Amino acid sequence: MPAVQETVDQVKLIDVDQYKYGFETIIESEKAPKGLSEDTVRFISAKKDEPAWMLAWRLDAYRRWLTMREPTWARVDYPKIDYQDLYYYSAPKAFKAPKSLADIDPEILRTYEKLGIPLKEQELLAGVRKQGEPSTLDADAGGEYRSGNVAVDAVFDSVSVATTFKEELKKAGVIFMPISEAIREHPDLVKKYLGTVVPTSDNFFATLNSAVFSDGSFVYVPEGVRCPMELSTYFRINEKNTGQFERTLIIADKGSYVSYLEGCTAPMRDENQLHAAVVELIALDDAQIKYSTVQNWYPGDAEGKGGIFNFVTKRGDCRGKRSKISWTQVETGSAITWKYPSCILRGDYSQGEFYSIAISNGMQQVDSGTKMIHLGKNTKSRIISKGIAAGKSQNTYRGLVSVNHRATGVRNFTNCDSLLVGDQCGAHTVPYIETKNASALVEHEATTSKINEDMLFYCMQRGLTQEEAVALVVNGFVRDVLQQLPMEFAVEAQKLISISLEGSVG
Amino acid sequence: MATAELAVVRTPAEEAIVERYPAFRARQQHWGGAAVERLREQGFAALKTRGLPNRRVEEWKYTDLKALMPQLAERFDGFSQGLVERAAALRPHLAVGDATRILFVNGCSAATLREQGFVYGSVAHGDDPRPQTAAVISRERDYADNAAVALNSAFMDDWVFLRIPAGTKPDKPLHLEFREIGDKPFATYPRVLIVVEDGASATVIETHDGSDGVAYQTNSLIEFEIGNGARVEHVAMNAAGDKALALSTVAARLGRDARFATLTVTVGAAVSRQQLFLAFQGEGSEAQVRGATMLRDKQHCDSTLVINHAAPHCLSRETFKTVLDDEARGVFQGKIIVAPGAQKTDGKMAAHTLLLSDAAEANAKPELEIFADDVVCGHGATAGALDDNLKFYLMARGIPEKDAEALLIESFVAEGVDSVEDETLREALMDVARGWLKARE
């Protein structure tokens with residue numbers, strides 16, 4: 001039976017070429033001269049009003065980068081990047097640190113509104129409402145709902161345009177600000193921690209980032225503080241031919257807790273754009289960091305034209321005893337993904353977790369996974385990864401579990417499953433398991449299968465359309481991961497999953 | 001940009017390959033014709049341009065051949081009656097019962113025999129292979145550029161072929177017996193092609209024994225061409241000398257409805273790299289791939305598999321058991337590839353490692369590469385110490401600790417060996433395992 005018109009429309013609405021964040025914001029911007037040289041690095045550093053030590057750090061990274069080669073081991077295939085044909089800095093023109101909404105270009109505000117960044121935060125940005133006051137919007141929603149549980153840092157191309165809830169966070173002692181500001185205001189903290197998890201010489205893309213990073217978020221949660229709200233950064237690439245190189249540094253001091261979310265989108269363009277971010281997390285004794293990502297960069301069109309190259313280095317260091325770092329990611333965007341959020345389990349009894357859903361469609365290529373490096377005694381890690389490949393995409397899980405020979409009592413459990421939708425795509429699993437201690441217990445399991453016909457039949461027999469049935473089965477398949485997301489994101493992620501997949505059922 | 005090409009610095013072994021090849025090739029040109037010549041040149045070209053693989057080459061990540069083989073031993077030259085007698089006197093690790101023996105002393109087949117049930121010959125000795133066999137000799141090999149295979153191709157000085165005619169079954173198993181004897185380092189490159197024609201079946205036993213205390217290098221390649229409806233059981237025993245560097249490759253191509261079972265038991269060599277390249281060419285075939293490895297001291301063993309499901313409706317099972325003591329290092333790299341269109345593939349791979357010492361190291365990389373949607377593929381990998389609860393259970397029943405451990409290890413290894421159909425052979429293999437355990441006490 002042919003699909004009913006409603007279904008056809010629904011599917012069309014959400015296919016790869018229906019990327020809904022693909023609009024462009026027309027604003028004037030100020031850029032660094034095209035290309036990369038020491039001058040570019042100096043330009044960025046000067047723009048950011050950085051102290052001399054920061055410039056020296058960047059230049060050191062740049063010189064190292066010149067000696068490095070682009071890695072080729074990942075299962076991704078993309079045209080060679082001309083690093084001299086990019087802009088490394090772009091900021092909305094006449095940009096000043098905004099004191100109120102009046103300082104922010106209305107175009108940018110409209111952009112975030114279109115992206116669905118909670119209106120209430122914008123209201124706060126605009127100064128319409130004081131913190132703690134009920135929102136006027138709440139009245140429409142029924143009144144009971146307390147707004148503003150998420151503090152947002154919005155990064156537009158190379159600069160952070162706004163950070164909300166700064167005052168309230170300050171009361172709790174939490175520092176949440178653009179990293180460029182942190183370098184000026186908290187140089188001791190930045191100096192002490194920056195580059196200690198991902199050193200400047202770590203890898204090709206991380207080194208490039210160290211040289212030219214322009215902004216990102218800085219979070220410091222002091223000893224014993226449970227951060228009173230979710231922190232969130234929303235990244236937006238807007239400008240053409242611009243690379244985005246953001247740097248995030250999160251430090252959770254002894255006994256503290258913080259949950260951090262990030263979201264990413266970009267306009268639809270025929271050219272590929274580069275995104276090479278570095279995220280460093282540091283958890284001291286008994287601290288906990290929960291880091292969630294919903295990555296929805298522009299994936300390119302149905303023929304694989306355009307899209308973001310997402311080459312990201314994310315690493316957490318469980319430096320203290322009994323610390324815990326948890327990564328949750330929902331990956332639906334980007335033309336190419338090269339991303340391995342990792343945990344270095346240095347403190348005894350520390351824990352690392354990685355929950356991931358990677359969905360690829362169209363011509364997307366994903367090579368993603370994690371590394372769990374067990375150095376401390378009695379450290380534990382858990383990896384749950386779900387890969388879903390549809391269309392003509394290639395989806396690879398690549399993960400490392402390594403147990404140092406001094407790390408006794410280590411436990412690891414890994415489960416990575418792949419699901420294929422259609423016969424044009426590929427799903428691959430490349431786990432590396434390195435054990436150097438006899439007391440370690442490392443378990444890995446993985447399966448690959450297609451959506452079970454019986455399950456589909458069962459659902460369809462009860463009146464669901466094929467698309468609905470697939471969405472239901474897939475949602476069940478990824479449930480373990482979705483449960484780890486904060487509420488606000490879980491809903492969005494669920495929607496994303498049906499968006500990415502439904503278009504491909506055939 | 002300042003990413004200049006790095007100058008190629010060759011190791012002494014790589015230098016030796018480049019230097020010795022031209023003269024060797026000139027000496028060997030009288031046999032094999034264009035097909036062998038092409039393989040030889042292809043192998044050499046791969047070595048010359050890429051050198052020996054180091055750990056940055058993904059397939060050799062855990063076995064850095066460039067570092068492990070700094071020198072290329074001279075190939076063995078100097079047969080004598082005394083040597084053959086010494087070889088004959090060597091007590092093999094595996095007690096193989098009644099079988100048709102083909103003895104390779106230092107890489108050369110010392111026997112010429114035409115047993116009933118199969119056709120045996122040497123390409124170098126001008127035994128004219130049938131056109132079908134010749135076609136197999138000259139076929140494309142997707143593993144030809146693999147460093148171990150390339151080295152064998154470049155430096156082979158004979159190529160033994162065996163053919164099991166269609167529909168037949170030799171009454172005795174075939175025993176390929178490799179013995180490496182010498183007092184100073186030497187290299188050998190034996191190569192065997194086994195064509196099992198449609199509907200035929202065969203049991204092939206491959207054993208490697210050699211002189212202890214000599215850093216010899218052996219690099220064997222055994223290729224199976226398995227016809228439609230044919231069955232092959234292959235059992236390999238690696239008991240190479242304690243200083244040996246043993247590279248061995250088995251390649252198998254399966255036709256339609258064929259069955260292939262292979263088991264490799266490893267206790268020997270200082271460094272081993274055991275490769276299997278298996279390709280399903282026809283529908284409805286099945287393969288069982290097993291390994292049992294027991295290492296101690298500073299032994300290193302790398303089992304690398306590439307299982308290519310190129311045809312639909314095939315099944316493969318890979319089960320590898322590794323026991324590591326002292327400072328031994330075990331590597332398992334398995335890759336199941338499901339080609340586009342290979343629907344209804346059923347592949348399951350499992351690698352289990354038992355660590356008996358904190359200085360031992362286990363590396364596993366069970367990989368899936370899947371391009372078809374209607375398949376069931378899975379892999380599992382575990383690494384850990386002996387289960388204390390199980391040990392306690394046995395000890396509570398009055399079994400001394402060492403014995404309890406031995407029992408548990410034996411049963412762990414036995415799961416890999418159990419599949420062998422021939423009871424005598426299975427027991428002989430378990431005897432080797434028990435011998436290894438006894439030496440632990």
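# Briefing on a two-chain predicted model

B:Lys344 has 15 C-beta neighbours inside 10 Å and therefore counts as partly exposed, where a residue is buried if 20 or more other C-beta atoms lie within 10 Å of its own, exposed if 12 or fewer, and partly exposed in between, with C-beta atoms placed from the backbone. This is a predicted model, in which local features need pLDDT of at least 70 and side-chain atom pairs count only at pLDDT 80 or more, while totals for chains, interfaces and linings use all residues. Residues are numbered from 1 along each chain as its sequence is written, and chains are lettered from A and ligands numbered from 1 in the order in which they are written. Helices (H or I, at least four residues) and strands (E, at least two) are DSSP runs, numbered from the N terminus.

**Backbone with positive phi**

- B:Lys344 lies in the loop between strand 17 (329-338) and strand 18 of chain B, and its phi is near 65°, a positive value in a residue other than glycine.
- A:Tyr349 likewise has phi near 65°, positive although the residue is not glycine, and it is placed in the loop between strand 16 (342-345) and strand 17 (351-360) of chain A.
- Because A:Tyr349 has 19 C-beta neighbours inside 10 Å, it counts as partly exposed.

**Contact between chains A and B**

- Chain A brings 34 residues to the contact and chain B brings 35 residues, two residues being in contact if their C-beta atoms, placed from the backbone, lie within 7 Å.
- On the side of chain A that touches chain B, the elements giving two or more residues are strand 23 (426-435) and strand 24 (441-450) of chain A.
- That side of chain A comprises 14 nonpolar, 13 polar and seven charged residues, with Ala, Val, Leu, Ile, Met, Phe, Trp, Tyr, Cys and Pro counted as nonpolar, Asp, Glu, Lys and Arg as charged, and the others, Gly among them, as polar.
- Strand 24 of chain A runs antiparallel to strand 20 (residues 376-384) of chain B, and eight bridges join them, where strands pair if DSSP finds at least two bridges between them.
- A:Thr448 has B:Cys377 as its bridge partner in strand 20 of chain B.

**Domains of chain B**

- The domain assignment of chain B gives domain 1 (12-386) and domain 2 (387-441), with bounds that come from an automatic or database domain assignment.
- The centres of these two domains of chain B, taken over C-alpha atoms, are separated by 27 Å.
- In the contact between them, 23 residues of domain 1 of chain B meet 22 residues of domain 2 of chain B, and strand 14 of chain B gives the most to the domain 1 side, with five residues.

**Helices in the two chains**

- The 17 residues of helix 8 (residues 401-417) of chain B should span 24 Å at 1.5 Å a residue, and the end C-alpha atoms are 24 Å apart, which agrees; the expected span is 1.5 Å times one less than the number of residues.
- Buried residues in helix 8 of chain B include B:Ala404, B:Ile409 and B:Phe412, and the buried residues of this helix pack against elements including strand 12 (259-266), strand 14 (286-295) and helix 9 (423-438) of chain B.
- Helix 10 (residues 204-212) of chain A is mostly covered, with eight of its nine residues buried, and the cover includes helix 2 (38-47) and helix 3 (52-66) of chain A.
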